[in-house]
Amino acid sequence: MYALIISHEARSLARTSMLSVLLTVLACAIAFAAWSGRNMIDRQMQGADAAIAFEAGMRDAMRADVIKYEQKIEDEGGEVQFATINHAPGSGPPQGTNAGAVGAETAAYAVLPPTGLAALSIGQSDISLSYVPVNMRNIVDVTRYSEIENPVNLATGAFDISFVIIFLLPIFILALTYGVLSSEKEQGTLAMIMAHPISLRELMTCKLITRFMILLGVVAVAGLASTLAVGTQLDNPETWMRFGFWAGACLLYGMFWFFLAVFVNAMGKSSATNGLILAGSWLLFVVIVPTLVSIVATTLYPAPSRMDLVTASREAQTEASFQYMKALDEFYYDHLELVPNAEDKARDFLTLSIANSEAIEKEVRPLYDQFQSQLNRQEGLVQQYQYLSPAIMMQQALNEVSGTSADRYEDFMGQVFDFHKEWKDYFAVRFLSKDPLVSADYDRFPEFEYRPESLSDVIARLSPALIGLFGVMILAGVAAFVRLRSYQVAAR
Amino acid sequence: MIRFVARKELTELVRDGRFHWTGIILALLLITALATGWQRYASYQDLQSSAQATSNTQWLKQGDKNPHSAAHYGNYAFKPAGPLSYFDSGVEAYTGTAVFMEAHKQNFALARPASDLNAVARFGDLTGAFILQVLVPLIIIFLGFTAFSGERDSGTLRQLLSMGVRRRDILWGKAIGIGAGVALIVVPCLVLGALALSLAELNTSAGFMARMSVLVSTYGAYAAIFLFLTLAVSAWAKSGRHALIALVGFWAFTAFIAPKAVTEISKAVCPTPAYGEFMADMRTMQAKGFDGVSPWRRIQEMQAELYQEYGVNSVAELPVYWPATRMQKLEELDHDVFDYHYNNLRQAYTDQRRLQDSFGVIAPILSLRSVSMAMSGTDLITHIEFMNATESYRRNMVAKMNGYLSKAAASLNDSFSSSNYMTADEEVFAIVPPFEFDQPTVGQALGEHTRNFVILTIWLAFAVTASVAAVDRLSTEAR
């Protein structure tokens with residue numbers, strides 16, 4: 001019986017021109033979104049590659065100078081010496097022997113690799129820089145870079161697959177479902193169907209399953225196809241897992257809209273009224289609530305001001321520099337093994353600047369941490385508003401699944417800070433002990449290696465949104481099917 | 001006659017329950033948007049002016065040091081909010097709010113509010129501009145889609161025409177009636193907002209009034225476009241339902257799909273480099289020299305010229321402090337490189353935006369959006385002007401510091417070493433005046449948008465013509 005109804009539904013849907021138009025538009029939108037997602041990722045990778053190649057070129061040039069110098073020492077005899085900082089080209093030992101110069105003037109890039117699904121949801125990845133140059137500057141300087149993109153484009157937002165799912169998919173679902181009962185009733189066919197041994201709920205289930213399979217089939221196939229088209233390797237179990245969550249989120253979100261349409265149908269109004277009510281719900285959940293939340297929540301809980309952070313860290317920097325001799329003493333106190341004789345100590349400009357930057361770091365780091373924790377608290381508060389609209393929950397879920405969320409970036413930045421420390425320590429020690437770098441050292445510089453987050457962390461961040469979506473989906477489903485019980489099949 | 005039709009239309013609207021509800025909701029949203037917009041604007045302005053004042057003091061009180069080191073210490077420019085940013089926040093969340101102005105480097109703006117906002121901000125802000133651009137057209141469609149189809153279905157159209165009422169009179173009457181209905185909701189909120197502002201005694205300059213009047217007329221034209229389109233479709237369509245579907249479809253396309261799709265297209269047509277690529281190209285050019293002649297060679301040439309100019313043979317004899325003169329020369333060599341790269345990037349951004357504006361031909365919101373941002377002082381051009389202002393400030397600051405040093409330390413030439421340098425104090429740092437930014441004038445802002453005004457005018461003419469044509473061939477029977 002079910003199979004019969006489903007196949008009947010499918011055939012009658014297939015004969016309406018509406019379905020083919022909707023599916024074509026949906027498929028085109030997904031293809032266009034995949035194309036633009038791909039462009040976005042390509043541009044990012046190109047940026048990372050160019051930056052890394054440039055820095056590698058700088059270091060290679062320094063290394064070449066060192067090799068030449070070593071050759072000269074070997075030919076002419078003598079000792080490999082340590083260059084003083086001097087930018088004008090000269091005849092002494094090259095800058096490449098000076099660990100301070102190499103560590104400060106070239107940078108190592110810490111790269112956050114895109115996940116397999118990154119092209120599906122651009123999220124915040126068009127704002128935050130996914131390749132961070134790390135050198136001996138302080139932490140506030142390291143965190144200040146961001147990706148560049150036309151602000152007009154950023155304000156409009158990307159046409160990515162998330163946009164298609166969050167904005168357009170509900171429209172298609174509602175277009176297919178707004179008259180699911182009311183139109184049958186208006187045509188008089190509902191009473192005839194109900195004369196058969198099937199309950200209204202069973203009929204509705206069949207109708208839903210049919211629509212569901214058609215739409216989500218298209219979404220899943222197009223989603224998978226676009227994932228492949230953007231060059232994702234599916235040999236990675238993590239990518240499969242992420243894709244599974246992606247499909248699951250789409251399923252929950254799609255079901256919510258289907259159930260909402262059934263619920264509205266169950267109120268027994270005309271198709272035209274149903275259409276208006278559903279269009280209004282779409283407007284409310286997808287447009288008004290998110291934009292309202294954005295402005296109200298961020299006005300009630302404003303993010304701490306970066307302008308304040310800038311001036312405060314500058315204040316700290318100035319303070320620290322005023323006491324640079326003290327800073328220098330403290331620095332040597334921390335690095336007792338490196339204390340030179342008094343005169344050298346005062347003269348050495350770079351030692352001073354390293355000591356200075358460490359003193360600044362000590363002053364600035366708490367400010368930065370305070371800023372970050374304030375920011376997290378604010379994020380947490382705003383996050384609670386996501387439950388007001390399935391569209392917001394869906395957006396958070398899709399960003400998380402695609403690895404373009406602020407949280408994944410923050411985890412990455414944590415790793416960048418660790419690496420920053422490693423880099424600074426390596427070069428500062430080599431520099432302060434006046435240990436000249438040799439060409440072989442160039443292969444031993446610290447390198448950043450991204451440690452992927454554990455899946456449980458990802459799931460933990462994903463679950464509030466998914467549970468919320470599940471909740472509203474169940475709520476809409478139960479309400480719809482309870483309401484169906486009192487549905488009048490024929491006009492009274 | 002037009003007056004009667006208009007009055008009938010308005011009376012009918014005002015008595016309709018749906019009108020009450022949509023009216024109340026829209027008014028509440030508009031008031032919320034303006035109030036939160038105002039609150040943000042005010043608190044941003046406070047933060048901005050205090051940060052700027054702090055930074056200016058920090059520049060002066062940075063402690064006695066070598067003037068060139070002082071230029072390295074530099075200063076920050078904090079971007080003031082656009083004069084009408086509480087109405088249209090434009091691109092402000094996505095441009096930086098602070099620019100570090102230091103020796104040797106032209107920097108991008110830092111501290112973009114968007115990077116500190118929850119991702120939900122990417123849905124857009126519910127600003128006054130958003131409501132007028134997106135929600136008001138929907139209300140117009142909602143109030144007007146039955147204008148003709150409804151009269152036809154209830155048989156009153158035949159009655160009207162049989163009384164000798166001219167079709168076009170019905171059109172004008174209905175346009176005025178519905179327009180008045182929408183104005184009844186929107187205008188009081190805006191007037192309330194404007195009153196609150198004038199009580200706060202802000203923005204009463206001449207530029208403010210000019211900006212306001214351009215905004216009012218552009219948004220008015222935009223609303224009229226939707227009003228006449230709605231009437232045209234209502235007269236054309238087989239039934240009210242068909243009219244509604246067509247109109248809402250067009251609305252969704254112009255409000256949500258077109259802007260994003262057009263953005264992606266403009267990115268593909270005028271590609272811009274990512275940060276890494278931009279910096280790598282720029283720094284490569286810096287090292288090689290703008291015209292392929294290495295900066296160090298240029299410095300040697302300049303040294304030779306200086307020797308000739310002063311008739312000397314060594315650095316020690318020069319009457320200007322050589323390291324400072326050299327640093328200033330290096331600085332100037334970089335100007336060409338910076339100009340080349342930053343101008344190219346900004347030109348590409350502007351080209352992208354212009355291309356998006358041109359697509360206003362299919363979605364009028366694209367043209368309106370640009371004009372609205374420009375008049376609110378929150379558009380791309382204002383940001384570029386601000387960035388240009390910071391760069392001229394930076395160049396002047398560095399030139400003044402190096403210039404002072406090259407004169408004041410001239411006697412140090414013969415004992416030139418890093419441990420032997422002069423220090424300057426607050427009095428010297430004060431020769432650099434504090435940073436100031438003047439918003440582009442209304443005239444400047446308007447010049448950029450001729451194309452948008454043309455597009456909107458064409459739309460309006462098209463909508464009016466279409467509605468007249470549709471009314472002329474309007475039949476009293478359902479087709």
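Helices (H or I, at least four residues) and strands (E, at least two) are DSSP runs, numbered from the N terminus. The expected span of a helix is 1.5 Å times one less than its number of residues. The model described here is predicted: local features need pLDDT of at least 70, side-chain atom pairs count only at pLDDT 80 or more, and totals for chains, interfaces and linings use all residues. Residues are numbered from 1 along each chain as its sequence is written, while chains are lettered from A and ligands numbered from 1 in the order in which they are written.

Helix α17 of chain A covers residues 406–432. Its 27 residues should span 39 Å at 1.5 Å a residue, and its end C-alpha atoms lie 38 Å apart, which agrees.

Chain B has 17 helices and 2 strands. Its radius of gyration is 30 Å, well over the 23 Å that the globule rule gives for 479 residues, so chain B is more spread out than a compact globule. That radius is taken over C-alpha atoms, and the rule is 2.2 Å times the number of residues to the power 0.38. Along the principal axes, the C-alpha atoms of chain B fill a box of roughly 105 × 45 × 35 Å. Buried residues make up 46% of the 479 residues in chain B. A residue is buried if 20 or more other C-beta atoms lie within 10 Å of its own, exposed if 12 or fewer, and partly exposed in between, with C-beta atoms placed from the backbone. Of the contacts in chain B with a separation of 6 or more, 84% join residues 24 or more positions apart. Contact requires C-beta atoms, placed from the backbone, within 7 Å.

The contact between the chains takes 73 residues from chain A and 68 residues from chain B. Elements of chain B that each supply at least two residues to the side touching chain A include α2 (17–60), β1 (75–78) and α12 (322–358). The residues of this side divide into 34 nonpolar, 22 polar and 12 charged. Here Ala, Val, Leu, Ile, Met, Phe, Trp, Tyr, Cys and Pro count as nonpolar, Asp, Glu, Lys and Arg as charged, and the others, Gly among them, as polar.

β1(B) pairs with strand β2 (residues 98–101) of chain B in the antiparallel sense over 4 bridges. Pairing requires at least two DSSP bridges between the strands. Y76(B) has F100(B) in β2(B) as its bridge partner. N75(B) and A77(B) point one way from β1(B), Y76(B) and F78(B) the other way, and all are buried.

H104(B) is partly exposed, with 15 other C-beta atoms within 10 Å. A111(B) also lies between β2 and α4 and has a positive phi of about 55 degrees. A111(B) is buried, with 24 other C-beta atoms within 10 Å.The largest nonpolar core has 273 residues, and those with the most contacts inside it are A249(A), F256(A), A261(A) and L469(A). Such a core joins buried Ala, Val, Leu, Ile, Met, Phe, Trp, Tyr and Cys residues through C-beta atoms within 7 Å.

Note on methods:
Two residues are in contact if their C-beta atoms, placed from the backbone, lie within 7 Å.
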